[in-house]
Structure formats: C-alpha cells, structure tokens
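Colleague: Could you walk me through how to read a few local features in a model like this one? I would like the general idea each time, and then the case at hand.

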Amino acid sequence: MSDGPRKLETRLVRAGRDPALTGGGVNPTVQRASTLLQPTAADLYGPGNKYGIHGTSTHTALKQALAELEGADHCLVVSSGLLACTVPLMTLAEPGAHILVCDNVYGPTRRFCDHTLRRWGCTTEYFDPDVGERIADMIRPETRVVFIESPGSLTFEVLDTPAITRAARAAGAVTIMDNTWSAGLYHKPLELGVDISVQATSKYVNGSADLLGGSIAVNDARLAARMTDMIAELGLSVAPDEAWLTLRGLRTLPARLARHEQAGLDVARWLKTRPEVAAILHPALEGDRYHDLWKRDFSGAAGLFGVVLKPSSEAAVHAFLNALELFGLGFSWGGFESLAIHCDPQLKRTARKPDFGGSLLRLSIGMEATSDLIADLERGFAAYAASA
C-alpha cells in the first residue's frame, strides 16, 4: 500500500540510480567514452547515443536527477551556466526576431544578446523587472523569446512570472527563466508557465566551487529535440567526470541549501542593524519590496543577497572588502565558501537604472559559522570607517 507521493529530498537521492546505470553500486559509474559500440548494424542509425559527445550513461543519470529536481519531462546538460542560457536563445533566434530580456539579467547573457544575436540580425529589447502583465504591450508579432531571471542575481528583483508567461504564451512567444538562485529546489518555473528553465549547476547544485556546468529543463518534447540538435550541431559536451560530480552534489542539495538559507537570513538581519547599511536586497526578508511575490512563488531562499551601503567613497568600499578574511572576493556563488563583490561596476541597465543611493555589494553566505562571518563583516566595517 502506497504512503503517498515521496518528498523531493527522497526522489533526488534515488533518481538516476537504475541498476543499468550503477552496475550494482550506490552511484552511477563514470563512463568515459568517445566511441560507443552498437550491438547491430541497424542500431548504428537508431535512437540513443551513438558517440561520446552526445553523452554516456553517466550523463543519463544526471539528466534524470535534474529533471526530477525541476519537475521536467526533459533535461539537457551543457558545460557552463552561460551555455544553458545561450543554447535556447540560439535555438529560437532567427534573422528579424525580436527578443525581450529582463533588464536584471546575468551580465554574460546580456552580452550574448547585444553582440552575437545582434550579428545574427535579432533585436533585443530590455524591460523593467517590475513590468508584470504590461509585458503584453511590448510583445510584437516577431517576438520569439521572453527571457527572465528571478530574482536578479545582482539586484534581487522578483518578477511576476505567471503574469509574464500568460502574456507570452498568448502571443506565441517562448519564455526562458534563469533559475540559478533557487537551484531548481525552491522555485518551479515550469509550474508557473515558463517553457524553459535554465540554471548554472556550477553553483548550488554542485556546491563545491570546483566545476562548471549548466542544465536546461523543459516539458515540450519538440523544444527539447530542437535544443538537443543545437547542442549536437555546436559539438558541445560535458566531461563524464564533471557530470558525475554534479550528480554527487545534487544528492545533498536540499540539506545544504537549507543551511545557506538560514545563515543568509541570519547575516542579512544582522546587517540591517548596522548604521553603515542603507538597505538589504533579500526577497525572503519581511519588508523587502518583493517579499510578497517571493512568498507566493518560492518555497525557500538562497544564501545570496545584496547590501546597499550608505553613501561613501570607493576607497572606503574597497577597504571594507579588502579587510575581509573569511569572505573571498570572487564572482561566483553557491559553493561552501562565502564570497563578496562590489556590484556597481557591472550594473548595466537600459530599461530602468536602479538608484540605491549608495554602493551595492553582493554577499554569498557559505557554510562557515554565522558568528565567524559576522565577526569578519565587523572587521570590514572597522576598515570602512577608518577610510571614510
């Protein structure tokens, strides 16, 4: 007798563990292969992987587990988070196409739209993250894609995703969401009408800051097939060892992300009490302007958020960052280590320039003791005060 549907934590532990993939072990084997032998001549041209570049049993196990995570019928893997964003765009773009992109999008995705898609004859138009149902007024007959990121990974706006997807679907445009902040665990874009959910598995899914990867989750079999063809035509592949390591990280994602969430909230609430801080950009905090949307559409939070300092010199901001000992200065996030960056130099906006009134920092809260991280931030504030 069934006890009802199993929880996602249980499903992630068990996904991709068919005995044909594990060889009797707990984990799938690492199958390193360029040549994949076929049993008969007819099989050479039948369905399934025919060459190592298209994936091995190791990749099959990872795809099954990632599909379970995202609640998707199909999942593709690529060798970076940026490719996860650009492969769908390359698949859907065509000369004369109009692409709508949220103004808070990941910088390299924006660069791809501004450079490569422009060379292909596509027009990219950026829209305010707060657009909601007004996106319908921006959609043209030639609009092929609406690309969103929620929350934005620098400025943490939460979009009204259901309103945007309703308008896009009514007009026949495909929606793509960068879902890296939630790691696919705390946000389910496909359930909210998004057609393609992408993320950088380099970050929380892996969790160890030692590999690159990306995933593309989709329910539409036709879209999945088109993107599979694009990946094959570009000759993209993921090393089996990195696929195996990504899958290993995925098994513990729920436990790790819960730790990141709580530690992030603890540090964010402490920062709100600091006289040097003008604002905290964290949608899971009560009082954040996006808290209601976050509460409606998300089931949890990451350990990544923004900190706006009161007006000060760049020298003081640099002194703060340079004094940190536990927070590394690096652009990634989602690993076990805490990180910090100064965001102002990379805020490229055209639809609506955010004016925070002070310098914007981004913190990624890792697995260190929260009390030690707070002490480290206090060290930073002491250096900040001395340089102000």
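**Reading the features**

Modeller: Gladly, and let's begin with accessibility: A209 is exposed, with a relative accessible area of 51%. Here buried means under 20% relative accessible area, exposed means over 50%, and partly exposed is in between (1.4 Å probe, protein chains only). Keep in mind that this is a predicted model, in which local features need pLDDT of at least 70 and side-chain atom pairs count only at pLDDT 80 or more, while totals for chains, interfaces and linings use all residues. Residues are numbered from 1 along each chain as its sequence is written, and side-chain values use heavy atoms, with hydrogens and water left out.

Colleague: What is phi of A209, and where is its place?

Modeller: Phi of A209 is near 55°, a positive value in a residue other than glycine. A209 sits in the loop between β6 and β7 (214-218). For element names, helices (H or I, at least four residues) and strands (E, at least two) are DSSP runs, numbered from the N terminus.

Colleague: A183 has a positive phi too; is A183 buried or exposed?

Modeller: A183 is buried, at a relative accessible area of 0%. Its phi is about 60° although A183 is not a glycine, and the residue is found in the loop between β5 (174-178) and β6 (196-200).

Colleague: Which residues does a cis peptide bond join?

Modeller: S150 and P151, with omega at about -10°. P151 lies in the loop between β4 and α6.

Colleague: How should I read salt bridges, and how many does a search of the whole structure find?

Modeller: Side chains of opposite charge can pair when their charged atoms come close. The criterion is a side-chain nitrogen of Lys or Arg within 4 Å of a carboxyl oxygen of Asp or Glu, and the search of the whole structure finds 17 salt bridges. One of them pairs R110 with D103, whose closest N and O atoms are 3.0 Å apart. R110 is buried at 7% relative accessible area, and D103 is buried at 0%.

Colleague: With which residue does D160 form a salt bridge?

Modeller: With R296, the closest N and O atoms being 2.8 Å apart. D160 lies in the loop between β4 (143-149) and α6 (161-171) and R296 in helix α10 (residues 291-297), so this pair ties together parts that are 136 residues apart in sequence. D160 is partly exposed at 23% relative accessible area, and R296 counts as partly exposed at 47%.

Colleague: And which residue forms a salt bridge with R269?

Modeller: E286 does, with the closest N and O atoms 3.6 Å apart. R269 is in helix α9 (residues 253-272) and E286 in the loop between β8 (277-281) and α10, so the pair ties together parts that are 17 residues apart in sequence. R269 is partly exposed, with a relative accessible area of 36%. Elsewhere, D128, D130, R289 and R352 are linked in a network of salt bridges.

Colleague: Now helix packing: at what angle do helix α4 and helix α5 pack?

Modeller: Axes are lines fitted to C-alpha atoms, for helices over the stretch in contact, and angles run from 0 to 180 degrees between N-to-C directions. Helix α4 (residues 81-92) and helix α5 (residues 107-119) pack at about 30°, with their axes 9 Å apart. That makes α4 roughly parallel to α5 (under 35 degrees counts as roughly parallel, over 145 as roughly antiparallel, 65 to 115 as roughly perpendicular and the rest as oblique). The contact (heavy atoms within 4.5 Å) is made by L82, C85, T86, L89 and M90 of α4 and P108, T109, F112 and C113 of α5.

Colleague: Which residues are buried in helix α11, and what do they pack against?

Modeller: In α11 (residues 314-323), A316, V317, A319, F320, L321 and A323 are buried. The buried residues of α11 pack against β9 (304-309), β10 (328-329), β11 (339-342), β12 (360-364) and α12 (370-387).

Colleague: How far apart are the axes of α9 and α12?

Modeller: They are 10 Å apart, and the helices pack at an angle of about 35°. A263, D266, V267, W270 and L271 of α9 make the contact with T370, I374, L377, E378 and F381 of α12.
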